[in-house]
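Reader: Could you walk me through reading a protein–DNA model, starting at the DNA and then moving to the protein interface?

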Number of protein chains: 2
Amino acid sequence: MSVQERKDRERASRERLIVATARELAEQQGWDAVTTRRLAERIEYSQPVLYSHFRGKREIIGAVALQGAAEMAAAVRAATAAADGPRERVAALARAYLDFAERHPAVYDAIFQLDGGLAYAHEDTPEPLKDAFAALMESLGEVAGDGVEPGLFTETFWASLHGLATLTRAGRLPPENTEPRVELLVDRLAVV
Amino acid sequence: MSVQERKDRERASRERLIVATARELAEQQGWDAVTTRRLAERIEYSQPVLYSHFRGKREIIGAVALQGAAEMAAAVRAATAAADGPRERVAALARAYLDFAERHPAVYDAIFQLDGGLAYAHEDTPEPLKDAFAALMESLGEVAGDGVEPGLFTETFWASLHGLATLTRAGRLPPENTEPRVELLVDRLAVV
DNA sequence: GATTCGATCCTAGCATTGCTAGACAATCGA
DNA sequence: TCGATTGTCTAGCAATGCTAGGATCGAATC
C-alpha cells in the first residue's frame, strides 16, 4: 500500500515536472523548440517516459493550457477586485488580460491558439477553462447593457481582446497604441 | 531574346502553379498537409524546383497570403459598395470579413496567423496588405466618431473581427451566435 | 551540322520531428 | 532467493524541410 502510494506520488511529481519544463522551454524559446527529445533530456528521462504520462505532445500542450487558464483567471480576478466601479473594473480586466498575453505568450498560445486536445464551449470543457471564462463574465456581465445577454457580451468583448492580443504579438498591429485601443473598446462596448 | 522571354513566361507560369497548388492543398487538407514533397508531386516537378522559386515553405505561405489579401480587399469593397448608409456599410463589412475567414480558412491563416515572412504595419509592407487595410478603413473611418483617429478605430474594429473569426474557427466560441455578436460590435463601436 | 557550355532539373541524402516496438533492468511479493 | 511485474531505455520508423552533386537538355558558336 504505502509503496504504491510513494510510487504514485513520485509519478505525479514527475508529471508536474514535465508540464513545468515544457512550459519553461516554450516561454524561453517558443513552442517549436519544445520537442519530445529536448523535453526528455531536460527532465533527465528518455522520450518514451513522456508517453507514459501523456498521449503525445498535444496533451502536454493541453496540460500547460489548463495550468495557464487557472493563472489567468486568478490574474483577472485580482485586477478587477482592486478596481472601483464597473467601468474601472472592465478597464482593469482588459489590461490584465493583455498583460498576461504579453508576458506569457507561450502559455497564451497553449490556451487560445494551439491544439491541446481540449474541449471548448462544450459541456465537458475542463473546469479551469470554464472558470477562466467565468472570471471574465463576473466583471463583464454587469456592463452588458439592457437586452444583451451577459454571456454573449462576454464572448464579444473577449474576442476583441483576443484579437488585439494576437494581432499585436504577431506583428500585425503596431504595439504603441495598445492603450488607446483598449480605452476605445471599454468606452464603446461597456454600458455603465 | 525571344527564347529568354519564353523561358521567363514559363517560369512565371510555374510559379503561379506552385502558389495555386499550395493554396488548393491548404484549403482542402489544411496547411499541415502542404509538405514540400506533396506540393512537388502535385505540380509534377521535384522538390528542389520549389526552392528555385521560393526560399522555403514560408515564402510560399507568404505568396498565398498576398494573393488572399487582394481577394479579401475586393470582397470587402464589393460588400460595402452594395450597402446604403454608414451603419449598413459597417455591418456589411463585418459580415463579408467573417464570411471570407470562414470560407477560406487556410488563406485567412496565411494572411493573419502564419508566418509568411512578410512585413506588417511597417513602411515596407507589401502593397496588397496595405490595400486590404485601406479597404477596411474606407468604410470604418467614417464611423470612428469624434476625436478618434480613423486608423486607430480601424485597427480596433478589425482586431475585434479577427478575434471573432479565429476563436470561432478554433472551436473556442460556439458558432451559433455569430450574428448577434456582430450586431453588438457594430451597434456599440460604430458612431453613426 | 557537330560541339561546347551553361542553365535546368532530379536523385539521393542530411538532420530533425513525433512516436513506438522490443529488449533490458530494477523492484516487489512470495 | 526466486519469479513476475513494473518500469525504463535503446534503437528504429516514417515523415518533415532543405541541399549538394551529378545528369541532362537545349542554345549559341564554329
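Author: What follows goes through the DNA surface and then the chain–chain interface of this predicted model.

Reader: Which residues come nearest to DNA strand C?

Author: Start with a list of neighbours. There are 19 residues around DNA strand C, and Thr35(A), Thr36(A), Lys57(A), Arg14(B) and Ser46(B) come nearest. By class, that surface divides into seven nonpolar, five polar and seven charged residues.

Reader: How do I tell base contacts from phosphate contacts?

Author: Look at which DNA atom sits in each polar pair. Tyr51(A), by contrast, places a polar side-chain atom 2.9 Å from a phosphate oxygen.

Reader: What does the UniProt record annotate in chain A?

Author: The unreviewed UniProt entry marks residues 35–54 of chain A as "DNA-binding region". In the model, that stretch is 70% helix and 0% strand.

Reader: And how many salt bridges cross the interface of chain A and chain B?

Author: Get the extent of the interface, then its pairs. Chains A and B bury about 2900 Å² between them, 65% of it on carbon and sulfur atoms. The rule finds two salt bridges across it, including Glu155(B) with Arg181(A) at 2.8 Å, N to O. There are also 13 residue pairs in polar contact. On the side of chain A that touches chain B, H8(A) gives the largest share, 12 residues.

Technical notes. Residues numbered from 1 in each chain as written. Chains lettered and ligands numbered in written order. Predicted model: local features only at pLDDT ≥ 70, side-chain atom pairs only at ≥ 80, totals over all residues. Heavy atoms only, no water. Near = heavy atom within 4 Å. Polar contact = N/O pair within 3.5 Å; in protein donor to acceptor, adjacent residues only side chain to side chain. Nonpolar A, V, L, I, M, F, W, Y, C, P; charged D, E, K, R; others polar. UniProt positions renumbered as here; feature names shortened; annotations may be inferred. Helix = DSSP H or I, 4+ residues; strand = E, 2+ residues; numbered from the N terminus. Buried area = accessible area lost by both parts, 1.4 Å probe. Salt bridge = Lys/Arg side-chain N within 4 Å of Asp/Glu carboxyl O.
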